[in-house]
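Trainee: I'd like to learn how to read nonpolar cores and salt bridges in a model. Can you walk me through one?

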Amino acid sequence: MARRLVSHVRVSYRASGLALLTVAQLGAVELHQRLASGDHADGIFDRHMRLWVRTLLRLFGVHVRQSPALAPRKGAAARMIVANHRSPIDIAVLLSLFGGQILSRADLSQWPILGRAARKAKTIFVDRDQSASGATAIRQIRRSLQQGATITVFPEGTTFAGDEVRPFRKGAFVGANGLDEEFVPVGLAYEPGTEYVDETFVAHLQRSAARKRTNVAVCMGTPRTTKGRAAELAPLLQQDVQNLVVEARKLLSTRG
């Protein structure tokens, strides 16, 4: 009974904290951007966004184990982060490490509070059931990369349980054809049962908020570069990510 009560209080505290923190951070960044010159608006938002997601991770008891340290860019004007997808927590973890934009499912734009934050973050939305939406997303990816952006993509297309990395869809890579950029493979691993599968987002949020602690391991690989057809990199990057997930699982299982 006591444990159930503690869990209920934890869920209420974290859910209300999520809403209040997001609203407050959006207000702060909009005010900051109005007071600053237009040239600095994107940098201002990126700093506020990283503070927001890092605070959310702490609020929800998410502990990230990372290996190796984040390497600086090696001359490429743009960067695409390519990762497996197991939970909405992935988004916060990768934004905290890399910043930039996310390629995300279209219905996120309509979610209360979080949808507004996603739109403010210039999230690229895609409805994978509509070819026109996919084509629009590819054009948006290309424009952002041409401007030197960092974009995080989850080419599996949705979330899965376990460590098997499913075949990568090529759509996100098509927008990078012929551009000077680097592709950074990333592997994530969670404790079994904490992934987002076969449940609503609200149910997953409540389940995540009820846990005292959520452990996630993140392993980053050697960036790949190309000036040719980026879609040809899909199977290579899938294997890179698969290898990194194996390393992340080992990292997650170690103590210390």
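This is a predicted model: local features need pLDDT of at least 70, side-chain atom pairs count only at pLDDT 80 or more; totals for chains, interfaces and linings use all residues.

Trainee: Which residues have the most contacts inside the largest nonpolar core?

Mentor: General idea to begin with: in soluble globular proteins, nonpolar side chains tend to be buried together. Here the largest such core has 42 residues, and those with the most contacts inside it are Trp52, Val93, Phe98, Val186, Leu188, Val216 and Val218. Helices H1 (2-35), H2 (41-59), H3 (89-98), H4 (114-120) and H7 (201-210) each give two or more residues to this core, and so do strands S2 (78-83), S6 (181-190) and S7 (214-220).

Trainee: Which element gives the largest share?

Mentor: That's H2, with eight residues. Apart from this core lies another, of 25 residues, including Ala78, Met80, Ile141 and Val241.

Trainee: Let's zoom in on one residue. What is Leu188 in contact with, leaving aside its neighbours within four places in sequence?

Mentor: Its partners are Ala83, Asn84, Asp90, Val93, Val216, Ala217, Val218, Val245 and Ala248. Val93, Val216 and Val218 were also on the list of residues with the most contacts inside the core.

Trainee: On to charges. How many salt bridges does the structure hold?

Mentor: Side chains of opposite charge can pair when their charged atoms come close. This structure holds six salt bridges. Take Arg50 and Asp46, whose side chains meet at 3.2 Å, N to O.

Trainee: Why are those two about one helical turn apart?

Mentor: Because they sit four residues apart in helix H2. Arg50 is partly exposed, at 21% relative accessible area, and Asp46 is partly exposed with 21% too.

Trainee: What about a bridge that links distant parts of the chain?

Mentor: Look at Arg86 and Glu156, which form a salt bridge at 3.0 Å, N to O. Arg86 is in the loop between S2 and H3, while Glu156 is in the loop between strand S5 (150-153) and helix H6 (171-174), 70 residues apart.

Trainee: Are Arg86 and Glu156 buried or exposed?

Mentor: Buried: Arg86 has 2% relative accessibility, and Glu156 has a relative accessible area of 4%.

Trainee: And which parts does the bridge between Asp163 and Arg249 tie together?

Mentor: Those side chains meet at 2.9 Å, N to O. Asp163 lies in the loop between S5 and H6 and Arg249 in helix H8 (residues 234-253), so the bridge ties together parts 86 residues apart in sequence. Asp163 is partly exposed at 25% relative accessibility, and Arg249 is partly exposed at 24%.

Definitions and conventions: Residues are numbered from 1 along each chain as its sequence is written. Side-chain values use heavy atoms; hydrogens and water are left out. A nonpolar core is a set of buried Ala, Val, Leu, Ile, Met, Phe, Trp, Tyr and Cys residues joined through side-chain atoms within 4.5 Å. Buried means under 20% relative accessible area, exposed over 50%, partly exposed in between (1.4 Å probe, protein chains only). Contact means heavy atoms within 4.5 Å. A salt bridge is a side-chain nitrogen of Lys or Arg within 4 Å of a carboxyl oxygen of Asp or Glu.
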